[in-house]
Amino acid sequence: MIPVEVSRGSSPVILGLPHTGTHVPPDIWDRLNEEGRKLRDTDWHVHTLYDGLPPGATTVRATFHRYVIDANRDPGGQSLYPGQNTTSLVPLTDFDNQPIWKDGAEPGVRDIEQRIAEFHTPYHAALQAEIDRVLAEHEIAILYDCHSIRSHCPFLFDGRLPDFNIGTNNGATCAPALELAVADICSAAQGYDHVVNGRFRGGWTTRHYGRPHAGVHAIQMELAQATHLATEEPPFDYDGQKAKRLRVHLGAILNRLNDIALVITPGARP
């Protein structure tokens with residue numbers, strides 16, 4: 001099993017896809033309970049949603065499921081949102097706070113260490129390699145981390161999540177012009193709502209790689225799954241009509257980021 005798939009492009013834009021994978025090795029699958037085997041917290045069909053957007057972008061996709069290990073969590077185990085409900089590097093519960101492991105089968109310290117080595121580290125090694133390659137070619141790299149989540153997750157947030165959730169760790173991970181460009185396109189998208197640095201301010205990937213002064217800019221986009229799924233419950237089917245409408249705006253965002261990257265002074269914060 002290959003833990004990461006890379007498709008190299010010529011654009012300054014890199015798409016990170018840490019949560020679309022559904023592979024669970026058999027020995028780990030055997031330890032998941034009935035709820036865990038639903039793989040409920042997958043970023044369902046997000047790699048399909050972004051396919052071909054923008055032309056020439058590099059994609060780095062984890063093939064393993066986040067219940068194996070979460071590629072968007074600090075490998076040291078530090079919480080991204082201290083004081084708020086969240087899930088850990090190797091989750092013990094799902095986003096509804098329901099246990100996902102059989103009694104007595106919860107991953108221990110040695111399990112976590114092994115999964116870091118076999119899955120988390122290779123994914124981020126591949127991502128870092130592509131960032132380095134793109135940076136060397138263009139003197140700038142824009143990492144756009146692609147995510148989705150159910151519109152309603154009471155354990156994680158109150159009410160309904162906005163459609164577009166833009167995360168830049170309060171502006172620390174990218175140039176202001178990039179954050180503003182994404183927000184402007186989302187604001188103009190009729191029938192959708194958005195928030196900047198709301199409940200989701202960017203995960204470990206965005207915060208770890210986003211170094212604007214070094215020419216690496218990172219933005220996380222968390223989409224409400226109602227924007228592109230027929231249902232947010234099993235079987236989590238893709239809705240082609242919803243997706244077609246949404247892809248217009250996602251394409252505009254990524255094309256705009258690509259255009260800005262071509263005129264940004266390397267390492268600058270316009």
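How many bridges join β5 to β7, and in which sense do the two strands run? Four bridges join them, and the strands run antiparallel.

The model is predicted: local features need pLDDT of at least 70, side-chain atom pairs count only at pLDDT 80 or more, and totals for chains, interfaces and linings use all residues. Residues are numbered from 1 along each chain as its sequence is written, and side-chain values use heavy atoms, with hydrogens and water left out.

View 1. Strands (E, at least two residues) and helices (H or I, at least four) are DSSP runs numbered from the N terminus, and two strands pair if DSSP finds at least two bridges between them. β5 pairs with β6 in the parallel sense over three bridges, with Phe164 opposite His194 in β6. Between β5 and β6 the chain passes through helix α4 (residues 176-188), a right-handed β-α-β crossover (with the strands pointing away from the viewer, the path from the first strand over the helix to the second runs clockwise). On the β7 side, Gly167 stands opposite Gln220. Phe164 and Ile166 point one way from β5, Asn165 and Gly167 point the other way, and all are buried (under 20% relative accessible area with a 1.4 Å probe, protein chains only; exposed is over 50%, partly exposed in between).

**View 2. The aromatic pair Trp44 and Phe236.** Rings of Phe, Tyr and Trp (its six-membered ring) pair if their centres lie within 6.5 Å; planes under 30 degrees apart count as stacked, over 60 as edge-to-face and the rest as tilted. By this rule there are five aromatic pairs. The ring centres of Trp44 and Phe236 are 4.7 Å apart and the planes are at 10°, so this pair is stacked. Trp44 lies in the loop between α1 (26-29) and α2 (46-49) and Phe236 in the loop between β7 (216-224) and α6 (240-261), so the pair ties together parts 192 residues apart in sequence. Trp44 counts as buried at 14% relative accessibility, and Phe236 is buried at 2%.

**View 3. The aromatic pair Phe157 and Phe200.** This pair is edge-to-face, at 6.1 Å centre to centre and 80° between the planes. Phe157 is in the loop between β4 (141-149) and β5 (164-167), and Phe200 is in the loop between β6 (194-196) and α5 (204-209), 43 residues apart. Phe157 and Phe200 are buried.

**View 4. Arginines over aromatic rings.** A charge sits over a ring if NZ of Lys or CZ of Arg is within 6 Å of the ring centre and within 35 degrees of the ring normal. Arg199 lies over the face of Phe200, 5.2 Å from the ring centre. The charged end of Arg207 sits over the ring of Tyr81, 5.0 Å from its centre.
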